[in-house]
Amino acid sequence: MRKKLAAGNWKMNGLTASLTEVEALIAAHPAPGCEVLLCPPATLVAAMAGVAKGRIAVGGQDCHAKVSGAHTGDISAQMLKDAGASHVIVGHSERRADHGETDAIVCAKAAAALAEGLIAVVCLGETEAERDSGATLTVIGAQLAGSVPEAATGATVVIAYEPVWAIGTGRTPTLDQIAEVHDFIRGELVKRFGTEAEGFRLLYGGSVKPSNAAEIFAVSNVDGALVGGASLKAADFGAIIAALG
Ligand code: PEP
């Protein structure tokens, strides 16, 4: 049985004062029926881990593929772990678009995360043009094959399907479209990892909010969500956690 996961991505949002939202979230949901993960900007990882005290998981939003070295501005998986992170998002579409991250780069980052004992949340997603041209499954299949390292297991890698056109837009795919992609991802994992494939959590991401969370969580092979904007406020993210748990 896969444990459901509600993951929040704060992106480039949040100052020390924002940690009151984490305290409020934990106070309102002291025993959630699902795993809860928040990924703040790197500047807040250690402080958030201090507030969370293991009651929710804390993750990074990206890591470098190398452990250390001359990479100004970057942060390694080892550093995230040292700061109290247990997870790291890799391959978010904003990183792929803004920083030219290819599947090979994402795969190397995920492998680096696994080597440090972090759980990698590997993001995949088609653009609107790719969906309109009927290429969604081809794109997702290629990203999955290229971004998930060979060493992945259901315990160490989470897959997040996030259509690029649904992120931050208020638009979501139909439930049938979500099911089609999630079922496809599960099938591809089975082909590659055999029985281990059943252990991988598959998150949906893209404009998940309290009003649509329950119907999305009822879709086949949806094991939770990766939530951007609605993870910033305890009330909204708490409602999504309640819908999942
Ligand atoms: C995201 O950036 O991972 C995301 C899903 O954002 P939003 O929920 O704001 O669409």
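Visitor: How many residues surround the ligand, and which are the closest?
Guide: Good place to start! This is a predicted model, in which local features need pLDDT of at least 70 and side-chain atom pairs count only at pLDDT 80 or more, while totals for chains, interfaces and linings use all residues. Residues are numbered from 1 along each chain as its sequence is written, and side-chain values use heavy atoms, with hydrogens and water left out. Counting a residue if one of its heavy atoms lies within 4 Å of the molecule, 14 residues surround the ligand, and the closest are K11, E162, G168, S207 and G228.

Visitor: How many Å is an oxygen atom of the ligand from an N or O atom in the side chain of K11?
Guide: Let's look at polar contacts, which are pairs of N or O atoms within 3.5 Å; within protein, one atom must be able to donate a hydrogen and the other to accept it, and residues adjacent in sequence count only if both atoms are side-chain atoms. A polar side-chain atom of E162 lies 2.7 Å from a ligand oxygen, and a backbone N or O atom of G228 lies 2.8 Å from a ligand oxygen. For the side chain of K11, the distance is 2.5 Å.

Visitor: What share of the ligand's exposed area does the protein bury?
Guide: Accessible areas come from the Shrake-Rupley method with a 1.4 Å probe; for residues, only the protein chains shown count as cover. Taken alone, the ligand exposes 290 Å². The share of this that the protein buries is 95%.

Visitor: Which residues of helix 1 are exposed?
Guide: Helices (H or I, at least four residues) and strands (E, at least two) are DSSP runs numbered from the N terminus, and buried means under 20% relative accessible area, exposed over 50%, partly exposed in between (1.4 Å probe, protein chains only). In helix 1, L19, V22, L25 and I26 are buried. Down the axis they fall within an arc of 105° (taken from the directions from the helix axis to the C-beta atoms), so they line one face. On the other side, the exposed residues are A27 and A28.

Visitor: What do the buried residues of helix 1 pack against?
Guide: Here contact means heavy atoms within 4.5 Å. The partners are strand 2, helix 2 (45–52) and helix 10.

Visitor: Is Q143 buried or exposed?
Guide: Q143 sits in helix 7 (residues 136–147). Beyond its neighbours within four places in sequence, Q143 touches R96, D103, L124, G125 and V148. Because its relative accessibility is 11%, Q143 counts as buried.
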